[in-house]
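Hi everyone, thanks for making time for this. I'd like to walk you through the charged side chains in a structure that may be new to you. Let me put it up on the screen.

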Amino acid sequence: MEKMTETNQTQMRRGVLEYSILLILSKGDEYASSIIQKLKDVNIIIAEGTAYPLLARLKNLGMLSYRWEESMQGPPRKYYTITEGGRCQLAELDMVWTEMSMAIAELKK
């Protein structure tokens, strides 16, 4: 049963990663390892091998842009910014999330 629960959690988390990243970036610019840490802080575990391709895909879709900034702690960092297209996508995902949450709550009654 433990294995099944982990698999279910993994599948559900994958489904909300894009939404979660857009939510984080809607509050301000972040670099990749900071985004990963913010996700881990709320128990959404994401590997770098998943995060970087997803950030690249969101950038290629026009939902994110980035800029390089010098860092006091090593090499320059790539800071991601949500674009207007990303904000539109986030608004759509907000609506879908609300509708699904309400539907699940109704089913649980």
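Let's begin with Arg67, which has a relative accessible area of 33% and is therefore partly exposed, since that class lies between 20% and 50%. Please keep in mind that what you are looking at is a predicted model.

Who does Arg67 pair with? Glu69 is a salt-bridge partner of Arg67, and their closest N and O atoms are 2.7 Å apart. Glu69 is partly exposed as well, with a relative accessible area of 30%.

Now, how many salt bridges turn up when the whole structure is searched? The search finds five. I'll show you a couple of others.

Have a look at Lys38 and Glu30, please. Their side chains meet in a salt bridge, at 3.5 Å from N to O. Is Glu30 buried or exposed? Its relative accessibility is 15%, so Glu30 counts as buried, the cut-off being under 20%. Lys38, on the other hand, comes out at 36% relative accessibility and counts as partly exposed.

My last stop is Glu106 and Lys109. Here too the side chains meet in a salt bridge, with 3.3 Å from N to O. Both residues of this pair, Glu106 and Lys109, are exposed.

Definitions and conventions
Residues are numbered from 1 along each chain as its sequence is written. This is a predicted model: local features need pLDDT of at least 70, side-chain atom pairs count only at pLDDT 80 or more; totals for chains, interfaces and linings use all residues. Side-chain values use heavy atoms; hydrogens and water are left out. A salt bridge is a side-chain nitrogen of Lys or Arg within 4 Å of a carboxyl oxygen of Asp or Glu. Buried means under 20% relative accessible area, exposed over 50%, partly exposed in between (1.4 Å probe, protein chains only).
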